[in-house]
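Please keep the sequence and the coordinates at hand while reading.

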Amino acid sequence: MRALTAAEIIRLWETAYRFHAIDQALSILQLVMPEQSRDDLAALPLGQRDALLLSLRQVTFGDLLPGKSHCPQCGETVEFELSCRTLVSNVGRAQQIHMTRDAYQISIRPLNSFDLAAAAGADSLQEAHDLLMRACVAEACYQGQTIAPQTLPPEIKKDIAAMAEAADPQAEILLTLNCPACGQQWQSVLDVASILGQEITARAQRLLLEVHLLAKAYGWVEAEILNLSPTRRATYLQMVTP
Ligand SMILES: [Zn+2]
């Protein structure tokens with residue numbers, strides 16, 4: 001996978017406010033994977049989408065991904081560093097799985113960006129959960145007859161949530177963290193799409209500052225400055241900044 005260019009980073013940042021994070025993640029991938037349609041990318045299981053975003057992050061901003069979380073017990077800030085390469089190598093194969101409970105047979109498929117987008121439009125958390133549950137049920141049968149997922153009994157719906165995780169083990173990357181101050185252990189979800197969005201914002205703002213300084217010093221236009229390799233840009237910046 002190729003890295004995002006400086007001009008692409010600025011364009012993504014500039015238009016990000018118009019999109020939900022789910023769409024923004026697809027826009028980012030479409031730039032570097034133009035051979036894939038947006039619908040193809042939206043239909044990828046979430047674990048696979050995040051693996052692509054992590055690979056893109058690695059080639060664009062480097063392998064080590066810094067993060068922080070706050071201890072739920074004492075509030076201490078815990079900082080950590082993750083390797084994008086390692087996270088990508090942990091991504092398991094997403095697949096449709098089947099479960100049988102009493103007289104029910106259910107096929108469960110991995111969730112994708114279409115499902116997340118539908119759930120994001122829900123009016124309540126309960127409705128979002130319901131939408132995701134229904135989305136991941138590819139087929140539900142009772143005594144051999146197809147039934148609607150919403151008619152499944154509550155105890156089966158609960159099992160479906162667990163099975164959906166098994167269908168795409170990396171759809172949610174969970175980190176286990178330890179507090180150095182009080183010893184508390186907790187889990188935190190790594191939201192790859194939102195982290196990448198924040199990094200693009202930070203890099204775009206830095207690039208614009210660099211454009212400002214170099215344009216002022218040399219009279220170059222924005223496109224010329226963004227087309228410089230990072231090494232050249234950094235070298236010129238050292239010459240114009242005290
Ligand atoms: Zn603590």
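Predicted model: local features only at pLDDT ≥ 70, side-chain atom pairs only at ≥ 80, totals over all residues.

Residues are numbered from 1 along each chain as its sequence is written, and side-chain values use heavy atoms, with hydrogens and water left out.

The protein has eleven helices and eight strands. Helices (H or I, at least four residues) and strands (E, at least two) are DSSP runs, numbered from the N terminus. Taken along the principal axes, the C-alpha atoms fill a box of roughly 75 × 50 × 35 Å. Of the 242 residues, 39% count as buried; buried means under 20% relative accessible area, exposed means over 50%, and partly exposed lies in between (1.4 Å probe, protein chains only). Contact means heavy atoms within 4.5 Å. Among the contacts with a separation of 6 or more, 59% are between residues 24 or more positions apart.

Helix packing comes next. Two packed helices are described by the angle between their axes and the distance between the axes. The axes are lines fitted to C-alpha atoms, for helices over the stretch in contact, and angles run from 0 to 180 degrees between N-to-C directions. Angles under 35 degrees count as roughly parallel, over 145 as roughly antiparallel, 65 to 115 as roughly perpendicular and the rest as oblique.

Helix H4 (residues 46-61) packs with H9 at an angle of about 25°, and their axes are 10 Å apart. H4 is therefore roughly parallel to H9. The two make a left-handed crossing; a crossing has this hand if the near helix is turned anticlockwise from the far one by less than a right angle, and is right-handed if clockwise. On the H4 side, the contact is formed by Arg49, Asp50, Leu53, Leu54, Leu56, Arg57, Thr60 and Phe61, which meet Val192, Ala193, Leu196, Glu199, Ile200 and Arg203 in H9. The residues of this contact comprise eight nonpolar, one polar and five charged. In this division, Ala, Val, Leu, Ile, Met, Phe, Trp, Tyr, Cys and Pro count as nonpolar, Asp, Glu, Lys and Arg as charged, and the others, Gly among them, as polar.

H9 (residues 192-218) also packs with helix H11 (residues 230-240), at an angle of about 60° and with axes 10 Å apart. At that angle, H9 and H11 are therefore oblique to each other. H9 passes H11 in a left-handed crossing. From H9, Leu207, Glu210, Leu213, Leu214, Ala217 and Tyr218 meet Arg233, Tyr236, Leu237, Met239 and Val240 in H11. Nine of the residues in the contact of H9 with H11 are nonpolar, none is polar and two are charged.

Val240 in helix H11 is partly exposed, at 28% relative accessibility. Leaving out residues up to four places away in sequence, Val240 touches Leu214, Ala217 and Tyr218. Val240 and Ala3 are 237 residues apart in sequence, and their C-alpha atoms are 27 Å apart in space.

Two strand residues can be set side by side. Beyond its neighbours within four places in sequence, Ala140 contacts Gln105, Ile106, Gln145, Thr146, Ile147 and Leu152. With the corresponding neighbours left aside, Lys68 contacts Thr77, Val78, Glu79 and Phe80.

Asn112 sits in the loop between strand S4 (104-108) and helix H6 (113-120). Asn112 counts as buried, at 9% relative accessibility. Its contacts, not counting residues up to four places away in sequence, are Ala42, Ala43, Leu44 and Leu46.

The cysteines remain. A disulfide is a covalent bond between the sulfur atoms of two cysteines. With the criterion of a pair of cysteine sulfur atoms within 2.5 Å, a search of the whole structure finds zero disulfides. For Cys136, the closest cysteine sulfur is in Cys141, 15 Å away and too far for a bond. Cys136 is buried, with a relative accessible area of 2%. Cys84 is also buried, at 0%.
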